[in-house]
Amino acid sequence: MKDMKGEITLLQNKYLTCLLTIVSLLVVTSHSAFAMHIMEGFLPPKFAAFWGIICLPFLILGFVRIQKIVKDNPKLKLLLGLCGAFAFVLSALKIPSVTGSCSHPTGVGLGAILFGPTVTTVLGFIVLLFQALLLAHGGLTTLGANVFSMAIVGPFVSFGIYHLLQKMNCSRNVAVFCAATLGDLFTYVTTAIELAWAFPSPIGGIMVSLVKFLGIFAVTQIPLAVAEGFLTVVMFNFLTAYSGEELKLLANLTKRGGKANAN
């Protein structure tokens, strides 16, 4: 027991600098809460309810998965928290884009690569909930739509792309970069679909609205997605250098689909 407490203390020291840097970035950027994900009250009630219901199964699976991970492997709690903080800060860096929404990095690719998509769904839900309550970034009525795009579609795309490229023997850095970048881009494709479905063009319907939303998003989102890809590679390499034991623990956990042994 004492050895485990000592290891956890070492892990806390290891992540402290990184977490403080993330929090400092948040303090610097949180004042500009003029833009949002999909903002509070922007979606019609039936659309808001639909997206909320769609998210429930993913959240339930994610909570069950997290409970198992932290129970069997308490040393992974800090790494889990770091992934959540990474997503919190990156998704708070926002640039006004489509009316009622904005462009920003998502930060969910790192969590999806390390812990899987359903765990990242829960992290994304927590991030979006706190941003809506504390930063006026997003909203409670639009929480379901924002969770679906950023915390479900994004992580599943990142997870799939990363493992596909790994099977194709691509380098790890290329796989991480592509996973984070495409996860970000598909988040905004999904947001554009959500907005187009809720607000079809009077002439041309949903497809015309979708093309318009995608075109406006592309101006800001493509460079942001590329930047997020590079930043995620940097963070992943940092964790590889200083948290190799925890990453091996995660790899064993993924292979066994259950308890992982640190030995």
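Select Gly124 to start: this residue is buried, with a relative accessible area of 2%. Buried means under 20% relative accessible area, while exposed means over 50% and partly exposed is in between (1.4 Å probe, protein chains only). Gly124 sits in helix H5, residues 117-134. Helices here are DSSP runs (H or I, at least four residues), as strands are (E, at least two), numbered from the N terminus.

A word on the model before moving on. This is a predicted model, where local features need pLDDT of at least 70 and side-chain atom pairs count only at pLDDT 80 or more, while totals for chains, interfaces and linings use all residues. Residues are numbered from 1 along each chain as its sequence is written, and side-chain values use heavy atoms, with hydrogens and water left out.

Gly124 and Ser149 are 25 residues apart in sequence. In space, their C-alpha atoms are 10.0 Å apart.

Stay in H5 and pick Thr120. Is Thr120 buried or exposed? Thr120 is buried, with a relative accessible area of 2%. Show its contacts (heavy atoms within 4.5 Å). Thr120 touches Val108, Gly111, Ala112, Ala151 and Pro155, leaving aside residues up to four places away in sequence.

Next, display helix H4 (residues 108-115) and helix H6 (residues 143-167). Their axes come within 8 Å and cross at roughly 55 degrees. Axes are lines fitted to C-alpha atoms, for helices over the stretch in contact, and angles run from 0 to 180 degrees between N-to-C directions. H4 and H6 are therefore oblique to each other. Angles under 35 degrees count as roughly parallel, over 145 as roughly antiparallel, 65 to 115 as roughly perpendicular, and the rest as oblique.

Which residues meet there? From H4, select Val108, Gly109, Ala112 and Ile113. They meet Met150, Gly154, Pro155, Ser158, Phe159 and Tyr162 in H6.

Move to helix H8 (residues 205-242) and click Glu228. Glu228 is buried too, with a relative accessible area of 2%. Among the residues that Glu228 touches are Leu90, Pro105, Val108, Ala180 and Asp184, not counting residues up to four places away in sequence.

Last stop: helix H3, residues 77-90. H3 has 14 residues and reaches 20 Å from its first C-alpha to its last. That is close to the 20 Å expected at 1.5 Å a residue. The expected span is 1.5 Å times one less than the number of residues. Eleven of the 14 residues of H3 are buried, so this helix is largely enclosed by the rest of the structure. Colour the buried ones, including Leu79, Cys83, Phe86 and Leu90.
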